[in-house]
Amino acid sequence: MTMANPNWVVLGPGAISGLMAAGLLEHRQSVSILARHTRKNSVSWQITRSGKKTAFSAPVVQLPLAKNSVFIVAVKAFDVTDALQRISELDGFQKTMPIVLSHNGMVTLPATLKGLNVHYMVTTHGAVKSRDENDTICIEHRGSGRSWLEAEKKSTQAKLSPWFILQDAFPPLLLEQDLSEKRWLKLVVNCVINPLTAIYQCVNGELLKEKWQPQLYSLATEAVAVANKQGISLTRDDCYQEVLRVARETALNHSSMLQDIKQQRRTEIQQLTGYLIQTGKAAGIATPTHQALLDEFQKRYAN
Ligand SMILES: NC(=O)c1ccc[n+]([C@@H]2O[C@H](COP(=O)([O-])OP(=O)(O)OC[C@H]3O[C@@H](n4cnc5c(N)ncnc54)[C@H](OP(=O)(O)O)[C@@H]3O)[C@@H](O)[C@H]2O)c1
């Protein structure tokens, strides 16, 4: 895809999209913001990276949309459908406009949103968003990671591709033709680590202890059976080892779901465990260990 001088439209900005918008502004890109609610003409936010604070500001999106608009949608999984619906109703929107879509879990889009030009992105960056006493959005970049974007690889026209710009603005960003396997692997890891750490209120590294291994293995085994039925060629050992690797590398962290529980925010459990169970049911694969985890989670948190 080629596009000279894209007009980046960023939803939020939230933790991840705020980092991306900041990188784009630092690369002198045209960025505008589609906020959920704002009466102002511009949106400001602050990013703390390695202890250093930097302020950013961008105008709210002008309608009708510019023809070269590219959207960045990094929202909680339960907000994905509404966010895409909102974009598709904007004056000037065309279905060919690229949409970078990044979220944990999986969301089945309604038929009306199926023809959109969605490019999934997976990221391992870690960031949290809060608001200070002046209601300014504050984003703390806590962990540098990497990202993968579902897009055609660099061509001879690379300099005209918006992905080439995004690779500079939000590095490292790898382009991959098909992210399905990566998205499923992340789903499996999240379906193991998130609910367990949220239920038992522990750091991720707790799950490395021997006593958890039979449960981790059952969860990985059931999830892989569902993934395989969807044509994803992951193995049980790929997934189990990846769960252990993530638990080891983030041993002292609280998972995002545990953080959501502690701050009494809505969790993404339905788009993680709920999605896995439903997809398994539709494919005739039983997922009793995930169901037991979901039941326990709902008993405790009704979330
Ligand atoms: N943060 C991380 O470190 C991280 C890492 C990897 C993956 N993820 C995943 O990435 C996704 C995004 O996470 P995040 O932490 O960036 O979330 P976040 O900080 O909550 O950001 C989401 C932003 O999108 C906005 N938004 C939602 N629906 C909207 C709509 N219809 N119109 C306009 N704006 C809308 C939200 O606005 P409001 O403020 O009004 O809600 C918020 O500013 C999640 O699925 C998360 O699990 C996050």
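I began with P64, which lies in the loop between β4 (52-59) and β5 (69-74). Helices here are DSSP runs of H or I with at least four residues, strands are runs of E with at least two, and both are numbered from the N terminus. The model is predicted: local features need pLDDT of at least 70, side-chain atom pairs count only at pLDDT 80 or more, and totals for chains, interfaces and linings use all residues. Residues are numbered from 1 along each chain as its sequence is written, and side-chain values use heavy atoms, with hydrogens and water left out.

**Backbone**

I looked up the bond from L63 to P64: this peptide bond is cis, with omega near 0 degrees. The bond from P171 to P172 is also cis, with omega near -15 degrees. P172 sits in the loop between α3 (162-169) and β11 (173-176).

Next I checked phi. D135 has a positive phi, near 70 degrees, and is not a glycine. I found D135 in the loop between β8 and β9 (137-143). Q264, again not a glycine, has a positive phi near 55 degrees. Q264 belongs to the loop between α7 and α8. I noted these because most residues other than glycine have a negative phi, and most peptide bonds are trans.

Is Q264 buried or exposed? Q264 counts as exposed because its relative accessibility is 75%. The cut-offs are under 20% relative accessible area for buried, over 50% for exposed, and partly exposed in between (1.4 Å probe, protein chains only).

**G126**

G126 lies in strand β8 (residues 126-131). Its relative accessibility is 25%, so G126 counts as partly exposed. I listed its contacts (heavy atoms within 4.5 Å). Leaving out residues up to four places away in sequence, G126 touches E140, H141, R142 and G143. G126 and G143 are 17 residues apart along the chain, yet their C-alpha atoms are separated by 4.5 Å.

**Helix α5**

Why should helix α5 span 24 Å? It has 17 residues (213-229), at 1.5 Å a residue, and the end C-alpha atoms are 24 Å apart, which agrees. The expected span is 1.5 Å times one less than the number of residues.

The buried residues of α5 include L216, L219, V224 and V226. I traced what they pack against: the buried residues of α5 meet α4 (180-200), α6 (236-249), α8 (273-283) and α9 (288-301). After α5 comes G231, with a positive phi near 85 degrees.

**Domains**

The chain divides into domain 1 (7-178) and domain 2 (181-301). Such bounds come from an automatic or database domain assignment. The C-alpha centres of domain 1 and domain 2 lie 26 Å apart. The contact takes 15 residues from domain 1 and 15 residues from domain 2.

I used a 1 Å grid over the protein atoms alone: in a cavity a 1.4 Å probe fits but cannot get out, while a pocket is an open set of points with protein on both sides within 12 Å along at least five of seven lines; lining residues have an atom within 4 Å of a point. Grid points are joined across faces, edges and corners, and a volume is the space filled by probe spheres set on the points.

The second largest pocket has a volume of about 210 Å³. Its lining includes M106, Y120, R183, W184 and Y275. At least three lining residues come from each of domain 1 and domain 2.

The largest cavity has a volume of about 40 Å³. Helix α7 (residues 256-262) gives the largest share of its lining, three residues.
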